[in-house]
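Me: I would like to learn how to read a few features of a structure. Please show me the case first.

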Amino acid sequence: MANNTLQKAKAAKQDEFYTQLVDIQNEMNAYLDYNPDVFRGKTILLPCDDPEWSNFTLFFAQNFERFGLKKLISTSYAIESKYNLYGSQLSLFETDFEKTSKQYDAKKSQSRGKIFVLDKDCNADGCINYHDLKWEYLKGDGDFRSDEVKALRDEADIIITNPPFSLFREFMAWLLIAKKQFVIIGSMMSISYKEVFPHIKNNKIWLGRSTGGKEYKKPDGSFQKMGNTCWFTNIDHGRRHQPLTLMSTADVFKYSKHKDIREMNHFYHYENYDAIDIPRVDAIPCDYNGVMGVPTSFLYQYCPDQFEIIGIAEGDSGKELGLQPYDRNLKKLNKSLRDGQLFYLLENGIPKKPFARILIRKK
Ligand SMILES: C[S@@+](CC[C@H](N)C(=O)[O-])C[C@H]1O[C@@H](n2cnc3c(N)ncnc32)[C@H](O)[C@@H]1O
């Protein structure tokens, strides 16, 4: 296989992992707690899905009536597009459910995506649930960028999924252009993307209530650990409106539960930006009015009424902050120094570069 085909196969394979029901449940409950009617009368689209493997379709189909949904649409990506690069794999769903269906077509089953729709009680058992899902082949392979899936996006009120991470930037741009409500899973690393961070800064996108799942199911039934996933959304939830309870600087150094913080007597000031470094979110002091660099996990606690986000000193977005270039002589003392990243000097004159920091200021 040519090198770039191999790379594509690798990326495609890495995209094949499925969200667990409990993680979907926990996150959706946060929106429902804040607004019990959040899904009422809405058309929900679940793109990049696959009802055999995915719990998103199961979750919304089983709660169709309870949530008062108008319509549920989910689309799946063609087997051929998914697996062709590294060996085809016919799923149980294909062999059992699909093959026994009247519209089964061996060729289409490989090359076409599918659309699943739920909007009424088709089997006349008195309730609307998973068993009333109707499916058919799409014209194309179900790529979210295709015109037919774009038309479904435009029909929907809310878009919810765990999209392919290898196409995350494109997926986010595809979502934002449509100006819809959404809840999607991504890697925490993507917060610094230029397609994402400006919207976080402007409070147009925020993190969901929970972290993403810790483990995702793979098609072979095994689980893949992923410690750094989160939900991105523009639907409101309660935690965004709960300000952090903070201590004064003096009390932080005296009472912090962390030994490393209790051993400090001041916060370091960055050498290349006018801000102080706060190494832990629970050490943010209530009495500092300037700019503070805090760990990116702050976004889980971010209440826009309490803090303003100034920027992120990482990735695409770090460059826009205007950090001063570091003195080249310092490189001898710390090889990891980079222009566009924050650093401060320890008492012994050694430069220290903290992990990714979000720059915030008290409102
Ligand atoms: C991370 S998995 C998540 C699946 C499902 N949403 C879930 O969480 O259980 C991403 C899915 O997107 C599919 N996919 C990859 N590229 C795609 C594309 N261009 N358009 C639509 N789906 C795609 C993959 O086949 C994979 O099933």
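**Strand pairing**

Reply: In E16, proline 295 has arginine 357 as its bridge partner. This is a predicted model: local features need pLDDT of at least 70, side-chain atom pairs count only at pLDDT 80 or more, and totals for chains, interfaces and linings use all residues. Residues are numbered from 1 along each chain as its sequence is written.

Me: Which strands does E16 pair with in the antiparallel sense?

Reply: Two strands pair if DSSP finds at least two bridges between them. Helices (H or I, at least four residues) and strands (E, at least two) are DSSP runs, numbered from the N terminus. Strand E12 (residues 291-295) runs antiparallel to E16 (residues 357-362), with five bridges. Strand E13 (residues 307-312) also pairs with E16 over five bridges, in the antiparallel sense. There, isoleucine 312 has isoleucine 358 as its bridge partner.

Me: Cysteine 48 has a positive phi. Is cysteine 48 buried or exposed?

Reply: Count C-beta atoms, placed from the backbone: 20 or more others within 10 Å means buried, 12 or fewer exposed, in between partly exposed. Cysteine 48 is buried because it has 24 C-beta neighbours inside 10 Å. Its phi is near 55 degrees, and it sits in strand E1 (residues 43-49).

Me: Where is lysine 179 found?

Reply: Lysine 179 lies in the loop between helix H9 (168-178) and strand E6 (181-187). Its phi is positive too, about 55 degrees, although it is not a glycine. With 8 C-beta neighbours inside 10 Å, lysine 179 is exposed.
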